[in-house]
Amino acid sequence: ARSARGDMDRRAKVAFCRDWRAGVCCTLVPAFALTAAARSFRDLYAGRIFAASAGLADPQDVPPAAFFLADFPGAVLSVLALLLFGQLRSNREAIWKMLLTVMAAIAVPVLGATVLFQQHVIGGSFWQLSLGSGIFVAYSIMGTPFYERLFAYARVEGTVSFLIFGSDMVAYVATLSIFLAQIFGPQTTSEPSPIDNTGDNEDPILKQFLLVLWCCGTLSLALLVVSSVHFRRRLFGPAAQPDPHGELLMCGGEEMDTNDLSDLELLPSQSGSSTEAETDAGSDRANTPTREIV
């Protein structure tokens, strides 16, 4: 269900960004950047975050398999989500369900699990597993798959490369901003603080990660809600344009994709014979004698 592909000049790119600024440029792209920033912070300080959340004093005590096991479910879920979305023939339906999935991934496995971790309901290992699942699913859907569906729905003849590069650039800016704030902000000790008897971890890196997670997560979720409102109006509102991709029609008792409607052309010979048959049938009815009922 892809639209035609070709080169896009600067005017076409600006026109697309202006047309979809409320749903993509001002909301979805910043949400993607904030999600990427939280993921980068977690990857850079994975050792200390994993150790502190699990109650270990030394990051070296974290087994190497823990990092693989924490992110493996997220990788599997991301692949399954992309496969399922690939089965949807309607671009309108795919775009809407992608937005709902991303919001659910940030709200439940990321923010919801963080609340449970801070309330000591779940342990650090399960929290990291939940974080990896939510972050990777949201991160994998918000990029190229969503842009491809949007281009197909909007019937834009071009590629999504400029959106990918732009989203990555904004993500790099957000990530560097967080790290610069960490470097020039309050000084962080190089060694984690000991764990007290209550089990509350005092590691400053973990505290900073929780702060980054809450700021990026809540702001991303708020931006996605605004984006979903915009897309709800554009996809299903009175001004919504028809979605030719994936809509099925019944033709001769068989399902047919509307993309193939251009191939349904009535041949001249068939058209002429059909017209002649209708004319002959009409003349026969006109010449048929009628009997008056008394």
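The model is predicted: local features need pLDDT of at least 70, side-chain atom pairs count only at pLDDT 80 or more, and totals for chains, interfaces and linings use all residues. Residues are numbered from 1 along each chain as its sequence is written, and side-chain values use heavy atoms, with hydrogens and water left out.

**Exercise 1.** Describe how helix α3 packs on helix α10.

*Solution.* Start with the elements. Helices are DSSP runs (H or I, at least four residues), numbered from the N terminus. Here α3 covers residues 28-44 and α10 covers residues 204-236.

Next, the geometry. Axes are lines fitted to C-alpha atoms over the stretch in contact, and angles run from 0 to 180 degrees between N-to-C directions. The two helices pack at about 160°, with axes 8 Å apart. Therefore α3 is roughly antiparallel to α10 (angles over 145 degrees count as such). Their crossing is left-handed (the near helix is turned anticlockwise from the far one by less than a right angle).

Then the residues. Contact means heavy atoms within 4.5 Å. On the α3 side, the contributors include Leu28, Leu34, Phe41 and Arg42; on the α10 side, they include Ile205, Phe209, Leu213 and Leu223.

Last, the classes. The α3 contact with α10 has 14 nonpolar, four polar and one charged residues. Ala, Val, Leu, Ile, Met, Phe, Trp, Tyr, Cys and Pro count as nonpolar, Asp, Glu, Lys and Arg as charged, and the others, Gly among them, as polar.

**Exercise 2.** Repeat the analysis for helix α4 and α10.

*Solution.* Helix α4 spans residues 46-53. Its axis and that of α10 come within 9 Å and cross at roughly 100°. So α4 is roughly perpendicular to α10 (65 to 115 degrees). From α4 come Arg48, Ile49, Ala52 and Ser53; from α10 come Pro204, Ile205, Leu206 and Phe209. By class, this contact holds six nonpolar, one polar and one charged residues.

**Exercise 3.** Which backbone oxygen does the Ser228 side chain reach?

*Solution.* Ser228 belongs to α10. At 8% relative accessibility, Ser228 counts as buried. The Ser228 side chain reaches the backbone oxygen of Val225, at 2.6 Å. Not counting residues up to four places away in sequence, Ser228 touches Trp96, Leu99 and Met103.

How values were computed: Angles under 35 degrees count as roughly parallel, over 145 as roughly antiparallel, 65 to 115 as roughly perpendicular and the rest as oblique. Buried means under 20% relative accessible area, exposed over 50%, partly exposed in between (1.4 Å probe, protein chains only). A polar contact is a pair of N or O atoms within 3.5 Å; within protein, one must be able to donate a hydrogen and the other to accept it, and residues adjacent in sequence count only if both atoms are side-chain atoms.
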